[in-house]
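Hi there,

Here is the structure I promised to pass on to you. Have a look at it first, and then read on for what turned up in it.

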Amino acid sequence: MELSNINENGKLTISVSGRVDTVTAPELEKYIEDNAKGVSQLILDLKDMSYTSSAGLRVILKAHKLMSGKGEMKIINVQRDVMDIFEITGFCDILNIN
């Protein structure tokens, strides 16, 4: 998994590439927590994320809860395989996915 971000005027875009699973999910969680301080909008760009396990879903849900108290979170550019996981788990009903 590789992570990068752009932080502009309170808008943080985090790009996630590769697989998010039980091994890499803690790294993503820490990355979000470390970089989301003081932002009002979090965008997760998943165009290069090929897979997420339940551990990755937990991190995404935690980020959603973190942002619900201080702004908004959007998920963009979701690959079909990952979108299938979001649909099966009902995350499409919870998250703002564009």
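Two rings of Phe, Tyr or Trp count as a pair if their centres lie within 6.5 Å, and as stacked if their planes are under 30 degrees apart. Please keep in mind that this is a predicted model. By that rule there is one aromatic pair. It is made by Phe-86 and Phe-91, with 6.3 Å from centre to centre and 10 degrees between the planes, so the pair is stacked. Both partners are buried: Phe-86 has a relative accessible area of 0%, and Phe-91 comes to 10%.

Another ring worth a look is that of Tyr-51. The charged end of Arg-19 sits over this ring, 4.2 Å from its centre.

Now for the overall picture. The protein has four helices and four strands, and along the sequence they follow the pattern β-β-α-β-α-β-α-α. With a radius of gyration of 12 Å, close to the 13 Å that the globule rule gives for 98 residues, the protein is as compact as a globular protein of that length. Its C-alpha atoms fill a box of roughly 30 × 25 × 20 Å along the principal axes. Of the 98 residues, 43% are buried. Among contacts with a separation of 6 or more, 69% are between residues 24 or more positions apart.

The largest nonpolar core holds 30 residues, and those touching the most other members are Ile-32, Leu-42, Leu-44, Met-73, Ile-75 and Phe-86. At least two core residues come from each of strand 2 (11-20), helix 1 (25-35), strand 3 (41-52), helix 2 (54-68), strand 4 (72-76) and helix 3 (80-89). Helix 2 gives the largest share, with six residues.

Leaving aside neighbours within four places in sequence, Ile-75 is in contact with Leu-44, Leu-46, Ile-60, Phe-86, Leu-95, Asn-96, Ile-97 and Asn-98. Phe-86 in that list is also a partner in the stacked pair.

Finally, which residues of helix 1 are buried? They are Ala-25, Leu-28, Glu-29, Tyr-31 and Ile-32. Seen down the axis of helix 1, the buried residues fall within an arc of 165 degrees, so they line one face of the helix. The elements covering them include strand 1 (2-8), strand 2, strand 3 and helix 2.

Note on methods. Residues are numbered from 1 along each chain as its sequence is written. This is a predicted model: local features need pLDDT of at least 70, side-chain atom pairs count only at pLDDT 80 or more; totals for chains, interfaces and linings use all residues. Side-chain values use heavy atoms; hydrogens and water are left out. A nonpolar core is a set of buried Ala, Val, Leu, Ile, Met, Phe, Trp, Tyr and Cys residues joined through side-chain atoms within 4.5 Å. Buried means under 20% relative accessible area, exposed over 50%, partly exposed in between (1.4 Å probe, protein chains only). Contact means heavy atoms within 4.5 Å. Rings of Phe, Tyr and Trp (its six-membered ring) pair if their centres lie within 6.5 Å; planes under 30 degrees apart count as stacked, over 60 as edge-to-face and the rest as tilted. A charge sits over a ring if NZ of Lys or CZ of Arg is within 6 Å of the ring centre and within 35 degrees of the ring normal. The arc is that of the directions from the helix axis to the C-beta atoms. The radius of gyration is taken over C-alpha atoms; the globule rule is 2.2 Å times the number of residues to the power 0.38.
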